[in-house]
Amino acid sequence: MSPDDRNPARRPALDLAAPLDVRAAPDGRAAEGAGTQAAPGPGAGPGPGAAPGSGRATDPAEAADDAPEPPLVVDLDGTLTRVDTLHESAIGLLAFGLPDFVAVARAAPGGKAAVKAAIADRVQLDVACLPWREEVLALIRAARAAGREVHLVTAADQRIADAVAAHLGLFDSAHGSRPGLNLGGDRKAEFLEARFGRGGYDYAGDHLRDLPVWAGARRAFAVGAAPKVARLAAAQAAGAGAPAPVILDPPARGRARARAYLRALRPHQWLKNLLVFLPLLATHREAGPEILAAVTTFAAFSLVASAVYCINDLLDLDADRAHPRKRNRPFASGMVPAMHGLAMAGGLFAAGFALAATVNAMTVGVLSVYFGATLLYSLALKRELVIDICLLAGLYTLRVIAGSMAVDLPPSPWMLALSTFLFLSLAAMKRQTELVDLAAAGKSETSGRAYRAEDLNVVTMMAIAAGYTAVLVLALYIYSPAVQRLYESPLILWGAPPVLLYWISRMVMIAHRGGMDDDPVLFAVKDGVSLACGAGILVLGVLATVL
C-alpha cells in the first residue's frame with residue numbers, strides 16, 4: 001500500500017478543503033458526480049514534508065506520527081437511524097394516488113437508484129423526527145472532538161442524505177444514491193476505496209451488504225447488526241488479520257423483541273371488540289353454538305383490527321414521531337421494521353377473514369365494511385374535520401352489528417342508537433384529549449389532523465352532548481315494552497342512567513384537565529372508578545333479571 005493510500009491528507013481525489021458544493025440540477029437533485037461537500041474538517045491541512053508556516057522540511061517518521069486519524073464513514077439506514085428511509089418512503093406512497101405508483105413503476109427499468117429518486121420526488125420524509133441511534137451519534141461526536149473527518153455515505157437518495165446532514169450538522173460531506181449510481185454494497189466499497197484508499201477509513205454499517213465495505217475499512221463498527229451479520233463480519237476480519245468489529249447497539253432479542261412485535265398489534269385495543277357480545281347479553285341468549293360464533297367473531301375482528309393498526313401506524317410515522325407518547329410506538333421508534341409491519345398486516349388480514357368465514361356470510365360482510373372503513377380512515381378521512389369523529393363512532397357500532405349477525409339476530413334499534421351516541425362521545429373525547437395536549441405544548445394545529453387548539457371548546461361540547469343523548473336513549477329503552485318482557489324487575493334498571501351520566505361527565509372533566517391518555521376506552525379499562533361504574537351497571541342488570 002502506498003503512502004498516498006494510507007494518508008488521506010496526501011490525496012487530491014476528495015478535496016475536503018473545497019468550498020461547500022451545493023450544485024443542483026434543475027429538478028433539485030444534487031449535481032451528477034458530486035455529493036454535498038462541506039468546508040475543511042479539523043483534520044485538513046497542508047501537504048506532507050512541510051510544517052505549516054515554517055518553510056522547513058520535517059522528518060518523515062515525525063510526519064507519519066503526526067498524520068491525522070483516518071476519516072469515520074457512517075451509513076444512514078439501520079445505522080445512524082434505526083429505520084430504512086427507502087422502505088418508509090415507499091410505504092408513504094400508499095397515501096398517494098395511482099398515477100404516482102405508475103410513475104415510480106416506470107422508473108424501475110432505470111435501476112434501484114432511479115426508483116429511489118422517483119419516490120423521493122413524491123414523498124418528503126421529516127428527517128428531524130427520525131429515531132437516531134445515540135451510540136452512533138456519540139461515536140461521531142467523539143471522532144469530531146478528536147479532529148477526525150466524518151462523512152455520511154448512504155445508499156439512500158442524495159436528497160435524503162443532504163437533509164440528514166443539514167439537520168444534524170455533524171458531517172464534513174454527505175454522499176447518496178442518484179440516477180445511475182446506487183451507492184450501496186460493492187459500489188459503496190469502490191467509492192470509498194477510490195477516495196480514501198483501502199484501509200484508509202473506519203466504517204459504521206449494519207447489513208450484509210456492508211461486508212465488502214467493512215473489508216476495505218481499517219476498522220469496522222457493526223451497529224444494530226443481526227447475529228448472523230456480526231458473525232460474518234467477525235469471520236471476515238479474522239481472515240484478513242484485522243481487528244474484530246466493534247459491536248454497537250445490538251438488536252433486542254428473545255422476549256424483548258417479541259414484546260415489541262406484540263405491542264405493534266395493540267392487543268389492548270382488542271377490548272373494544274368485546275362489543276360483539278353485547279347483542280348476546282342484551283337478549284339473554286346462552287346457547288353454546290351462539291357463544292362459539294360470538295367468540296369466533298371477536299377473534300376475527302381482533303386480528304383484522306391489528307392489521308389495520310399496523311397500516312395506520314405505518315402511514316402515521318411522521319405524526320407519531322412528533323407526538324410525546326406515540327413516538328415510542330414500535331414502528332415509530334424503529335423497534336419493528338416497516339416492511340415487517342406490512343407483512344404482519346397481510347397475515348393478520350388473511351387470518352381474520354378466514355375465521356369470519358367459519359361463522360357466516362353476513363359476518364364476513366360486516367367485517368369487510370369494517371376493514372374498508374378503517375382503511376379509508378387511515379388513508380384519508382382521519383384528516384377531515386368532524387368526519388373522523390363520526391367514522392370512529394361508526395366503527396364501534398359496526399362491532400355491535402357484527403355481534404348481531406354472528407348469532408342471527410336483527411340489530412336492535414335501541415342498541416344501535418345507544419352505541420352510536422355513546423361512542424360518538426368517546427370519539428370526541430379522544431380528539432379533546434389531543435387538543436388539550438396541543439394547547440399545553442403551546443402549539444396551534446395538530447399534526448396529521450384537521451383540528452386547531454381553538455376547537456377545544458366545540459369538541460368538548462360535542463363529547464358532552466353525545467354522551468348525554470346516550471343517557472337519554474338508555475332511559476327511553478328502559479321504559480320500552482321490550483325491556484318489560486326481558487326483565488323480571490325492570491325498575492331496578494333505572495339505576496343505570498344516573499351511573500352512566502356521572503361516568504360521562506367525569507370522563508369529560510378528566511380529559512379537559514389533561515389527565516387522560518389518547519384513548520378514553522383504554523383509560524376507562526385502567527381507571528378504578530370507571531370499572532366500578534361498569535360493574536355497577538352490570539350488577540343492576542343481573543338483579544333486574546333474577547329478582
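Strands here are DSSP runs of E with at least two residues, helices are runs of H or I with at least four, and both are numbered from the N terminus. Before going on, note that this is a predicted model, in which local features need pLDDT of at least 70, side-chain atom pairs count only at pLDDT 80 or more, and totals for chains, interfaces and linings use all residues. Residues are numbered from 1 along each chain as its sequence is written, and side-chain values use heavy atoms, with hydrogens and water left out.

Back to Phe221. Its relative accessibility is 7%, so Phe221 counts as buried. Buried means under 20% relative accessible area, exposed means over 50%, and partly exposed is in between, with a 1.4 Å probe and protein chains only. Leaving aside residues up to four places away in sequence, Phe221 touches Leu72, Leu139, Asp202, Tyr203, Ala204, Gly205, Trp214, Val246 and Leu248. Contact means heavy atoms within 4.5 Å. Ala244 is 23 residues from Phe221 along the chain, and their C-alpha atoms are separated by 9.0 Å.

Now the whole chain. It has 24 helices and 7 strands. Of its 547 residues, 48% count as buried. Taking contacts between residues at least 6 apart in sequence, 67% join residues at least 24 apart.

Next, the annotation. An unreviewed UniProt entry places the feature "transmembrane region" at residues 291-311, 331-355, 361-379, 386-407, 413-429, 458-479, 491-509 and 521-544. UniProt positions are in the numbering used here, feature names are shortened, and annotations may be inferred rather than shown by experiment. In the model, residues 331-355 are 84% helix and 0% strand, with end C-alpha atoms 27 Å apart. Residues 413-429 are 100% helix and 0% strand, and there the end C-alpha atoms lie 24 Å apart.

On to helix pairs. Two packed helices are described by the angle between their axes and the distance between the axes. Axes are lines fitted to C-alpha atoms, for helices over the stretch in contact, and angles run from 0 to 180 degrees between N-to-C directions.

Helix α13, residues 288-315, and α17 have axes that come within 10 Å and cross at roughly 15°. The two are therefore roughly parallel to each other. The cut-offs are under 35 degrees for roughly parallel, over 145 for roughly antiparallel, 65 to 115 for roughly perpendicular, and oblique for the rest. On the α13 side, the contact includes Phe301, Val304 and Val308, and on the α17 side it includes Tyr370, Phe371 and Thr374. The contact residues divide into 14 nonpolar, 5 polar and no charged. Nonpolar covers Ala, Val, Leu, Ile, Met, Phe, Trp, Tyr, Cys and Pro; charged covers Asp, Glu, Lys and Arg; the others, Gly among them, are polar.

The second pair is α22, residues 496-512, and α24, residues 528-546, whose axes come within 10 Å and cross at roughly 165°. That makes α22 roughly antiparallel to α24. Among the contact residues are Trp503 and Arg506 of α22, and Cys533 and Ile537 of α24. This contact divides into 10 nonpolar, 1 polar and 1 charged.

Last, the backbone. Most residues other than glycine have a negative phi. Which way does phi of Arg266 go? It is positive, about 50°. Arg266 lies in the loop between α11 (255-265) and α12 (278-282), and at 8% relative accessibility Arg266 counts as buried. Val386 also has a positive phi, near 70°. Val386 is found in the loop between α17 (361-379) and α18 (387-406), and at 35% relative accessibility Val386 counts as partly exposed.
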